[in-house]
Amino acid sequence: MTSEEDYVERLEKIIDKQDDLLSQLDARFNQQDALNEYLFKQNRQLEEDIQKHRDLTRDMNKTVTQQKNVVEKLKKELEEQLKIQQDLHKDYGEVIKQLTDDLEEEQEKNEKLTKKQSELEAEIKNLKRTQTAQKQNPAGNTYYGTVSQKTAGNKKDDEKRKCPKCGNQANKGDLFCQSCGTKL
């Protein structure tokens with residue numbers, strides 16, 4: 001019987017070992033199930049993240065396309081504004097040139113008028129001196145004499161007299177040039 005007892009004892013040990021192994025396998029299967037469930041959740045989250053990423057990529061592509069369109073539109077507007085600005089600069093340059101030319105012309109006219117004014121003022125002074133001298137000596141015995149006395153002997157000269165400054169023909173009896181006011 002010992003052999004039977006030994007046999008039973010060995011069978012019991014083998015069964016205990018098998019039970020331990022089955023318990024270990026059950027534990028490993030439970031761990032594997034838990035790991036599979038965790039991986040399944042992770043896969044589901046990854047799939048959701050991938051879908052979100054695809055949606056974001058699609059939205060970003062739409063946004064990029066819209067931004068490209070906006071950039072193209074702004075580029076066209078900028079080119080138009082640049083053309084307008086260039087035209088304005090060109091027009092501004094022409095206006096400045098015209099104004100500069102007009103200013104130079106006005107300055108030349110002003111210089112001529114100032115010169116003419118100086119000549120007229122000199123003529124007025126001379127006429128005042130002549131008038132004062134005639135008032136002081138009504139008989140015509142002044143240093144300047146009367147116009148008719150001074151020019152009476154030079155009838156030929158009066159006809160040929162020209163202004164020494166501008167060359168204008170002088171009339172008989174003129175003391176000053178009618179064009180530039182120079183004393184004759």
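Helices (H or I, at least four residues) and strands (E, at least two) are taken here as DSSP runs, numbered from the N terminus. The structure described is a predicted model, in which local features need pLDDT of at least 70 and side-chain atom pairs count only at pLDDT 80 or more, while totals for chains, interfaces and linings use all residues. Residues are numbered from 1 along each chain as its sequence is written, and side-chain values use heavy atoms, with hydrogens and water left out.

The chain contains 3 helices and 0 strands, and its elements follow the order α-α-α from the N terminus on. Helix α1 covers residues 2–136.

Solvent exposure was classified by relative accessible area: buried means under 20%, exposed over 50%, and partly exposed in between (1.4 Å probe, protein chains only). Accessible areas come from the Shrake-Rupley method with a 1.4 Å probe, and for residues only the protein chains shown count as cover. Of the 184 residues in the chain, 9% are buried. Within α1, the buried residues include E119, E123, N126, T130 and A133. L127 is also placed in helix α1, but this residue is partly exposed, with a relative accessible area of 40%.

Two surface patches were identified. Patches are made of residues with over 30% relative accessible area and no salt bridge, like charges being joined within 9 Å and nonpolar side chains (Val, Leu, Ile, Met, Phe, Trp, Tyr) within 5 Å. Lys and Arg count as positive and Asp and Glu as negative, whereas His and the chain ends are not counted. The place of a charge is taken as NZ of Lys, CZ of Arg, CG of Asp or CD of Glu. A negative patch is formed by E4, E5, D6, E9, E12, D16, D19 and D20. Of these residues, E5 lies in helix α1 and is exposed, at 51% relative accessible area. A nonpolar patch on the surface consists of Y7, V8, L11, I14 and I15, which together have about 430 Å² of accessible area. I14 belongs to helix α1 and is partly exposed, with 45% relative accessibility.

Side chains of opposite charge can pair when their charged atoms come close. A salt bridge is defined as a side-chain nitrogen of Lys or Arg within 4 Å of a carboxyl oxygen of Asp or Glu. By this rule, 7 salt bridges are counted. K41 pairs with E37, with the closest N and O atoms 3.8 Å apart. These residues are separated by about one helical turn, because they stand 4 residues apart in helix α1. Both partners are partly exposed: K41 has a relative accessible area of 42%, and E37 has a relative accessibility of 47%.

A salt bridge also joins D87 to K83, the closest N and O atoms again lying 3.8 Å apart. D87 and K83 are 4 residues apart in helix α1, and therefore about one helical turn separates them. D87 is partly exposed at 36% relative accessibility, whereas K83 is exposed at 52% relative accessible area.

The salt bridge between the side chains of K165 and E119 has an N to O distance of 2.9 Å. This pair links distant parts of the chain, 46 residues apart, with K165 in the segment after α3 (155–160) and E119 in helix α1. K165 is partly exposed, at 48% relative accessibility, while E119 is buried, at 15%.

Further pairs of residues separated along the chain were examined through their C-alpha atoms. L127 and L175 are 48 residues apart along the chain, and their C-alpha atoms are separated by 9.2 Å. C166 lies in the segment after α3 and is partly exposed, with a relative accessible area of 40%. The C-alpha atoms of C166 and S179 are separated by 7.7 Å, with the two residues 13 apart along the chain.
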